Amino acid sequence: MCDLASPQLEFKDGKTPVSGRFGDVYFSKDDGVAESRYVFLQGCDLPELFKDKDRFNIGETGFGTGLNFLLTWQALKESQSNCRLHYVAVEAFPLTPDDLQETYSHFTDLSDFSAQLILNYPYRQGGFHHLVFEDGQVSLTLLFGEAAEMLPEVDGCMDAWYLDGFAPSKNPQMWRKEVFQQVARLSQRGTRLATFTAAGHVRRGLIDVGFSMSKRQGFGHKRECLVGTYDAPVARSIHPWFARPVHHQKKMKKIAVIGAGVAGCVAARRLQEDGFEVTVFERAAQAGSEGSGNRIGIVKPHIVLNQKGVGRFNTVAYLHALRFYDQLTQTPWMGARGLFSMSKNEADEARHKTMVARHILPEAEVEYIDAQEATKRVGLEMPRGGLWYAHAGCIEPSKLCQAVAAGLNVQYEQEIRQIEREGDGWVLKTQNGDVFETDGVVLAMAGETSQFVEHFDLPLRGRRGQVSYMAVGDKTAGMKHAVSYGGYMLPAKDGTHIVGASFEHWNDFTDHGYKDILESSHAENRQKLSILLGEESLDIMDGRASIRAMSPDHHPIVGPVFSQDWYVEEYHRLKHGPRAKRFAPAQYVDGLYVLCGLGARGVQTAPLLAEILCAYISGRPFPVETSIREALHPARFLIRDIKKGNP
Ligand SMILES: Cc1cc2nc3c(=O)[nH]c(=O)nc-3n(C[C@H](O)[C@H](O)[C@H](O)COP(=O)(O)OP(=O)(O)OC[C@H]3O[C@@H](n4cnc5c(N)ncnc54)[C@H](O)[C@@H]3O)c2cc1C
Ligand SMILES: C[S@@+](CC[C@H](N)C(=O)[O-])C[C@H]1O[C@@H](n2cnc3c(N)ncnc32)[C@H](O)[C@@H]1O
């Protein structure tokens, strides 16, 4: 999977980065900063345009050292505008963090910005990598891969483009029709464009896809460069049934989030950072009381070997969660970082070793260790080898929710009984008859979300889970790290191990009888644990049970609520084949969104899901590939059924 080639970087005169692969410089050797500011920022009327905008999206072909990005970020800060910048950049030959370190050692004025970029810089793996800076004011989606392959996976509309892909004579790949068509697809009338080149075929190619182009004075010794403005119709979504909502995003200011579990809390925080006025409603007296009320949630990747499409979701969600939790002021991590995932059998061992060999996760994150090494690290005898995840660990979900909720307006002990569309907004009614008006609503009530969605069948299934609290034993007293083995066992805290978790069908989410502690579930946990402890058993002192809300394909559900009747009417012909152009773009229930079905991995998927939700509501580019976003879309089950000719 590590299919990204090296740029073969060298430093000319000890400071100007040059790609040996292309034989070209990343920026002017005379004054890279002045060149970038002149060609790209001024070429797109920045920072002036930040002043009047709430949000500004920039696309770049050729991220390179990130100099254009850092200068744009710096210019935004200096403009003191509250505008939110979302920067999407594609790069086929990523530099390493050491290369960036070396580059920016010569740009000390940018060190505040470059240090953050280097710290968060993604590992060398193809696909989208989403980074968030400045408490959410600045976000960067880096697309590692060939421009013509990655840009079709972007869903977003840029306000400006920086085209910066080495000289067209040295790199024709970057200046071909397929790339220009994508640049046009991701533009709207008025989108600005700037590039350092004045090559005739570039100018003509951009005119052909809908840009009005003009020449301006070039930088330094260069005679001319180009600027342009998009002036053609906006392209339609490839899959209209999953199109992003185009309703009154701009008018939405007030958002109500129902449910203060990990999903609702993290989403509310990101929406608030994104400039919305957010109120959270929670029926319990505190955040993180239901599914998110466990004493411990493990943050550990769920990796599948097929990393295409949605297969990559859990990998990127895990890495995003590590960044998100590491950035919180109050650390949510408990105990030592580092978790051992034991191979259950030979097939599992082969799969684990393949995963490491394919570099699905960065080398710094995962390695295969044998039983002896695992025993040493964990502090408990391990019968088999397995994967060591260096930064995985445990989080107390209820404490996490409470810490995140502390910065939010949360209305506790307010059970929402009814939501109704009224005029341009929504009216929420509580159990006391209190009424709350809002522009948009996010339903984050786990399994109970279904009760509030009348417009389509939200297919959530309940899976009860019970953890057992077991007394520390002689053999387990020295355990230092969490272990997973089909079940999981955590190092003892206050004399107690948490061992989990059972998995039982429980389909009525409103029947809270699932909370009763069952001996049969304790027995299930103990039986799984025998793979580690053999005949020896630990005393069970107590436990806790809650319920996981799962979708049929076990992926979360995030996105706008749609009308099933309208979908069936509009898209029933899909069963004859997807001739997409004949279908109208999806129509949604205005301002109503779901974030649910987080299943057995909500603690680690919630931060990235919150980014996706935010992109839907704010209209900014999505932080993940379209193939991933669509695989999490609420209408995916219905569309699958329609294609099979079912409804
Ligand atoms: C036993 C067990 C172990 C688990 N272990 C892990 C783990 O190790 N790692 C991991 O990542 N995940 C784990 N999970 C999964 C994880 O806990 C869930 O995915 C996650 O908590 C779901 O969060 P949520 O916010 O969607 O739901 P919840 O936390 O259930 O939040 C929903 C909230 O909505 C509120 N609500 C509902 N209806 C209303 C209403 N009408 N008005 C107002 N409020 C309402 C509820 O009170 C609740 O607080 C585990 C789950 C279980 C059951
Ligand atoms: C001139 S450099 C970009 C400089 C960059 N904007 C900066 O601020 O440092 C051009 C970049 O385009 C990348 N590139 C070249 N061909 C590409 C392609 N086909 N797809 C994606 N990126 C490509 C190169 O690896 C290089 O990083």
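**Close-up views of a predicted model**

**View 1. The crossing of helix 1 and helix 2.** The axes of helix 1 (residues 32-41) and helix 2 approach within 10 Å and cross at roughly 75 degrees; axes are lines fitted to C-alpha atoms, for helices over the stretch in contact, with angles between N-to-C directions running from 0 to 180 degrees. Helix 1 is therefore roughly perpendicular to helix 2 (65 to 115 degrees; under 35 counts as roughly parallel, over 145 as roughly antiparallel and the rest as oblique). The model is predicted: local features need pLDDT of at least 70 and side-chain atom pairs count only at pLDDT 80 or more, whereas totals for chains, interfaces and linings use all residues. Residues are numbered from 1 along each chain as its sequence is written, while chains are lettered from A and ligands numbered from 1 in the order in which they are written. Helices (H or I, at least four residues) and strands (E, at least two) are DSSP runs numbered from the N terminus. On the helix 1 side, Gly32, Val33, Ser36, Arg37, Phe40 and Leu41 meet Leu67, Asn68, Leu71, Thr72 and Ala75 of helix 2, a contact being a pair of C-beta atoms, placed from the backbone, within 7 Å. This contact comprises six nonpolar, four polar and one charged residue; Ala, Val, Leu, Ile, Met, Phe, Trp, Tyr, Cys and Pro count as nonpolar, Asp, Glu, Lys and Arg as charged, and the others, Gly among them, as polar.

**View 2. The surroundings of ligand 2.** Ligand 2 is surrounded by 22 residues, the closest being Gly62, Gly64, Thr65, Leu67 and Ala92 (C-beta atom, placed from the backbone, within 6 Å). Helix 2 (67-79) and strand 5 (84-91) are the elements that give two or more residues to this shell. Its residues are 11 nonpolar, eight polar and three charged.

**View 3. The surroundings of ligand 1.** The shell of ligand 1 holds 40 residues, with Gly259, Gly261, Gly291, Gly465 and Gly602 the closest. Among the elements that give two or more residues are helix 8 (262-273), strand 25 (461-471) and helix 15 (602-618). The shell divides into 19 nonpolar, 14 polar and seven charged residues. Domain 2 and domain 3 each supply at least three residues to it.

View 4. An automatic or database assignment sets the domain bounds, giving domain 1 (9-235), domain 2 (241-290 + 411-460 + 553-643) and domain 3 (293-398 + 465-539). The C-alpha centres of domain 2 and domain 3 are 30 Å apart, and their contact takes 17 residues from domain 2 and 19 residues from domain 3. On the domain 2 side, helix 15 and helix 16 (626-631) each supply at least two residues, helix 15 giving the most, with five. That side has seven nonpolar, seven polar and three charged residues.

View 5. Tryptophan 333 has isoleucine 395 of strand 19 as its bridge partner.

View 6. Strand 22 (residues 425-430) is joined to strand 23 by four bridges, and tryptophan 426 has threonine 438 of strand 23 as its bridge partner.

Technical notes. Two strands pair if DSSP finds at least two bridges between them. Two residues are in contact if their C-beta atoms, placed from the backbone, lie within 7 Å.
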